[in-house]
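The following paragraphs lead through one structure, from a single residue to the chain as a whole and then to its side-chain contacts.

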Amino acid sequence: MADSNENKISFWSGVKAEFGKIMWPNPQTAFRQSVAVIVISVVAGVIIALIDFAAKSGVNWITSL
């Protein structure tokens with residue numbers, strides 16, 4: 001049982017050490033990256049919607065023959 005507790009303590013010590021290595025972005029960088037993610041997501045959504053519309057129109061055209 002003692003070995004299990006030592007493993008848990010070792011694990012959480014490792015987690016704490018890894019959290020200390022994290023380099024958090026400053027607010028300006030976080031904002032810029034958030035805007036970039038939103039813009040790319042919207043652009044990707046529009047592209048997917050256009051491809052979907054074209055595919056739907058093509059299938060409708062083929063089935064109407």
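Ile48 lies in helix α2, which covers residues 27-63; helices here are DSSP runs of H or I with at least four residues, strands are runs of E with at least two, and both are numbered from the N terminus. With a relative accessible area of 57%, Ile48 is exposed, where exposed means over 50%, buried under 20% and partly exposed in between, for a 1.4 Å probe and protein chains only. Between Ile48 and Gly20 there are 40 Å in space, C-alpha to C-alpha, and 28 residues in sequence.

The model is a predicted one, in which local features need pLDDT of at least 70 and side-chain atom pairs count only at pLDDT 80 or more, while totals for chains, interfaces and linings use all residues. Residues are numbered from 1 along each chain as its sequence is written, and side-chain values use heavy atoms, with hydrogens and water left out.

The chain as a whole has two helices and zero strands. Its radius of gyration is 25 Å, well over the 11 Å that the globule rule gives for 65 residues, so the chain is more spread out than a compact globule. That radius is taken over C-alpha atoms, and the rule is 2.2 Å times the number of residues to the power 0.38. The C-alpha trace spans about 75 × 40 × 10 Å along its principal axes. Of the 65 residues in the chain, 0% are buried.

Two kinds of side-chain contact remain to be described. The structure contains one salt bridge, defined as a side-chain nitrogen of Lys or Arg within 4 Å of a carboxyl oxygen of Asp or Glu. Lys21 and Glu18 form this contact, and their closest N and O atoms are 3.2 Å apart. Both residues belong to helix α1 (residues 2-21), and because they are three residues apart there, about one helical turn separates them. Lys21 is exposed at 57% relative accessible area, whereas Glu18, at 46%, is partly exposed.

One aromatic pair is found in a search of the whole structure. The ring centres of Phe11 and Trp12 are 4.9 Å apart and the planes stand at 75 degrees, so this pair is edge-to-face. Rings of Phe, Tyr and Trp (its six-membered ring) pair if their centres lie within 6.5 Å, with planes under 30 degrees apart counted as stacked, over 60 as edge-to-face and the rest as tilted. Trp12 is itself exposed, with a relative accessible area of 56%.
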